[in-house]
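User: I am new to this structure. Please take me through some of its features, one question at a time.

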Amino acid sequence: MFVKDPILLACTITVVLPFLSFLTIICYTRKWEKVSCSISIGAILISLICAIYLFIASRHFAEPLQYKLPWIISGKTIIPFGFLVDHLSMLMLVIVAVIASLVQIYSLGYMAGDPGFSRYYAFQSLFAWAMMTMTVAPSMIQFYIFWELVGLASYLLIGFYYEKWSASQAGKKAFVVTRIGDVGMFIGLVILLLFYGNLSIVGVNSAAVAKQIPAPLITISAILIFCGVIGKSAQFPLLTWLPDAMEGPTPVSALLHSATMVAAGVYMFARLFPFFSGSADALQFALLIGTITMVLSSTMAMVARDIKQVWAYSTVSQLGYMVMALGAGGYVSGMFHLTTHAGFKALLFLCSGVFIHHYHTNDFFVMSRQGARSLKVPMVCMTIGALALSGVFPFSGFFSKESIMVALASHPNKIWLAAGLFGEVLTAYYTFRLIFVMLFPKEMEETHHEEEHHEGEGILYWLMGWPLIILASVTCVLGFFEKQFEHYLLGDYILAHGVEHGAEAAHAGGHWLTITAISLVAIGVAVAWLEYGRKGASQEGFLSRMPAIEKLFARRWYMDHFYRWALDMIIYSGFTNIFTRNDRRVIDGGIDGLCRGTEGSGRIASFLQSNMVQYNIFVMVAILGFVALSFLG
Amino acid sequence: MISMEMANFPFLTVLLLTNLVALLVIMFIPPERDKLIKQVSLFFAGITVVISLYLYVTYDTSKGGLQFVERYLWIKSLGVHYFVGADGINLPMLLLTSVVLFTGVLTMWELETRVKEFFAFMYLLVIGVYGVFMSFDLFFIFVWYDVALFPMYPLIVIWGSTRKEYGGMKLTLYLLAGSALILPAILYLWTKSGLNTFDLIALHNAGFTKHVQIIAFIMLYLGFGILAGVWPFHTWSPVGHVAAPTAVSMIHAGVLMKLGAYGILRVGMFLCPEGLQYWAQLMALLATIGIVYGAFIGLAQNDLKYVVGYSSVSHMGIVGLGLATMSVGGLNGAVFQMFSHGVMTALFFSSIGYIYDKTHTKMIDELGGLSKIMPVASAFFIIAALCGVGVPCLSSFWAEILVFIAAVKAYPVRGILAICGIVITSLFMLRVVMKTFYGPKNEKYAHIPDVPLFLATPRIILAGILLLFGLFPRLILDVIQSAVIPFVGGF
């Protein structure tokens, strides 16, 4: 069976190898670091090769190919395990495999000498396994299972430095907050399961769903499932976990926040796109959430001083863009932005990793003063990434953002387009604020880092350097493949659904849009230049003249404070406290009272046994008398 | 009609007798030879594992029904039969019992006080547990049930810790109160049937009137429910867990609480399906309250064992919810959850046992940073906690997902509430993991060695089982289902 079907074989290898590598490392090779990392990297590279093979093999598929094995049979519920090979899943699989392999190779340098080196690679393998199996899931149950495992792996990776309280807190927060979204998603899926009967992705996306389920229920379940996206992709109001998640090692941030964990939410949205399009209200809801997220997180990025925080907020806002695109019906533009974002965001994080590793600080003002621009390769690569992020021609971000704007423009309500364009200014501003600060430090400190190079660090920097170069070159050229990308992705979509969304059709009439977008980006960059770049710039943003707003942005719109307060008030001093007291006082108190009552009544009854015969006889006679009277009566 | 297949060889009786022989052998070993006592205990526990595993593997799921049946008349005038058998519901329970016994003995390997009495009582307890799980005669079920309850008291009061007298007394009183409800219910059914038999299958076919079923079911439900930790009769269980010594906590939470749920299923639901329908709404309500309530209280606890105790309340709520759905999916999930919760709590207590032995505290605030000091010992606790959170690939996940799907269908509001409860569960589990194992290294405990391989064996076995059934749930679900489908057909 395997030999006859190379696609099945390739799928199996892709998915199983990282898991085997995880088990092997965690059970056997924890002591031997070199073996552990070779196993893990070997596994992910073979997976990558298989993924590329699958990507190429599937390019002419008209119909999605499915393989299913019943993993659980419980009554009428059958939960299958298997693979769904179509254009979308293969595209995502390749993205994940590429980023995961690059990050693992980069980590050889970044994590060298860490006491938890083997553990790190074990978790990386676990993560890759969960993410890739989720990508190829043929049914939503399998999708949900591996979605949860992705959450687990990210919990382990974010909390990797478990000796730091802040890191383990951040891991816990990421897990619990995303779980809130997952619960919504699970309920949505169960509703779908109960009314539709199965959760195969092809089935859920088919037109039959609309016939079997009443429309309001589709909207409810679509919005509930979208809650999963809100959690995983850090959308408003659950976005607070993501900035904290920067506590993990930097390569982990690159992995989680470029192509994998946070993109999983957007991927699910795209995966079930035909289902979501069945409900206009759900799409409208998504559009709203995406827009709020995008604007909020951009404002937060404008005042952050931690380099990783800036990229974290920018990730959130770019995810907001993707959700907006999908919400506005731009299936291809959303996925295209996901793809380009995966490349340039991984690039930005990995570059920051080099700086952080080198200067042992996260504050980019400090880095800059210590001479960050002397690290040529990462500085150039980071600038390329930043150009892509802010959407400058000819870098990949320009094309994908352009196509998002087109999608938004085709929406009847122009307010979304306005918000999207406004976001472009903010993005350009906060990105170049960072770049200009790094490039043109206000004053330089005496640096003595040159002498600190240890023997053998050269090879490590080389290992960390070439993933950067690969990603940077991808970022430079990827944008020009937009047409091919669209063809590849839509190949099956058009065939299966026969509708071409207006968003893609409207592409031609958008010259004024391109010009507006470019000029807005230019404004953003120019403001950043005036404040941070030019000679004698104060390096203080215009926001510092408005302390109230600056504080609002820096404190993340007080969302964390609100959640903390809600957690304390509602959960800890609310339910937990009341229930605990109820347990102690009412339930236990009642039982203890009952015991004391029994004891007490026994003591009272014991007075009857007074050893005085005349009383006993008296009582006996009295009772017999009553009995006799009652018989007589 | 349930098909029955008589045994070629009396495996179940042998399984029961193995424990009895172990008990007798231990009684005849002089108390100062405690090494030998432990070896003998381990040996016999190993035999029970082999037998129950053999039964589990050779059970024919395609035929289903009762297999390995032995049925002899015991007391003719009352209609008491020695009637044992195995089906898809009790086989996982027998396997669970033997695994928990085996790992429990291993966990107590470093016990020094009154070794002989400890293992003797433990075997006495386990005889009762096996007896309940394999009997199909109400009289025997009740007798074995009481045999299982009695040794808990000395085990807790002599070898326990933290408020052991209070805990032991509370537990015994609660469980005897449960018996006091079960016995009248059994006698009531016996008289109402007019068949003069305690045979469970015969009584099942007796066709009680609805009125009888309603009365009998609520008594059986409350009686067995006390042992299953049904809210609001759960408070004995965390206190008991905390007071009991490690292996007893393992058996107590791992197996004894299952006895309650099993009793509800095997006796209550089997004999009184109409009574179940009448009370199902209440069952689902209490179960849902238990799930959410247990999780919230777990959040406030500061003692590792209390945390696990309240998590048990929450997880046993899932079993109750699954039973209340009266559907194939729900019952599958409930039985699966009984099994995986048993293994999970055994793993929890086994890990806590080692930590408590070495650090002499189980207060979360006094611990911290243990992962650095004993990575292996910590890893097993974390695996158990992840299983409790319901992480996929560990067996609890499947059980929960099956129960929740069935629950949303049968009781939408309560089902959704229960699902929301798992957020709180993850919050309190991860809080404990963080406070106990993460954070900076605690210098006070820096000298403690990590758990040696031999002492880690029980945890390796338990974690392996969680992972095995988590990855390949059909290994157990197909067995369970072979009994559940005809069972639900009877409703």
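Predicted model: local features only at pLDDT ≥ 70, side-chain atom pairs only at ≥ 80, totals over all residues.

User: How many residues apart are A:Glu247 and A:Lys164?

Analyst: A:Glu247 sits in the loop between α10 and α11 of chain A. A:Lys164 sits in the loop between α5 and α6. The pair links distant parts of the chain, and the separation is 83 residues.

User: Is A:Lys164 buried, partly exposed or exposed?

Analyst: Buried means under 20% relative accessible area, and exposed means over 50%. A:Lys164 has 40% relative accessibility, so it falls in between. A:Lys164 is partly exposed.

User: Which residue forms a salt bridge with B:Asp87, and where does that residue lie?

Analyst: The closest N and O atoms of the pair are 2.8 Å apart. The partner is B:Arg266. B:Asp87 lies in the loop between β3 and α3 of chain B, so the bridge ties together parts that are 179 residues apart in sequence. Both B:Asp87 and B:Arg266 are buried. B:Arg266 lies in helix α11 of chain B.

User: What separates B:Arg474 and B:Asp478 along their helix?

Analyst: These two side chains form a salt bridge, with the closest N and O atoms 3.2 Å apart. Both residues belong to helix α20 of chain B. Because they are 4 residues apart there, the separation is about one helical turn.

User: How many salt bridges are there over all chains?

Analyst: Side chains of opposite charge can pair when their charged atoms come close. Some bridges join up: A:Lys173, A:Asp244 and A:Asp560 are linked in a network. Over all chains, the count is 16.

User: Is B:Ser98 buried or exposed?

Analyst: B:Ser98 is found in helix α3 of chain B. Beyond its neighbours within four places in sequence, B:Ser98 is in contact with B:Thr48, B:Val49, B:Ser52 and B:Tyr130. Its relative accessible area is 0%, so B:Ser98 is buried.

Methods:
Residues numbered from 1 in each chain as written. Chains lettered and ligands numbered in written order. Heavy atoms only, no water. Helix = DSSP H or I, 4+ residues; strand = E, 2+ residues; numbered from the N terminus. Buried < 20%, exposed > 50% of the residue type's maximum accessible area, 1.4 Å probe, protein only. Contact = heavy atoms within 4.5 Å. Salt bridge = Lys/Arg side-chain N within 4 Å of Asp/Glu carboxyl O.
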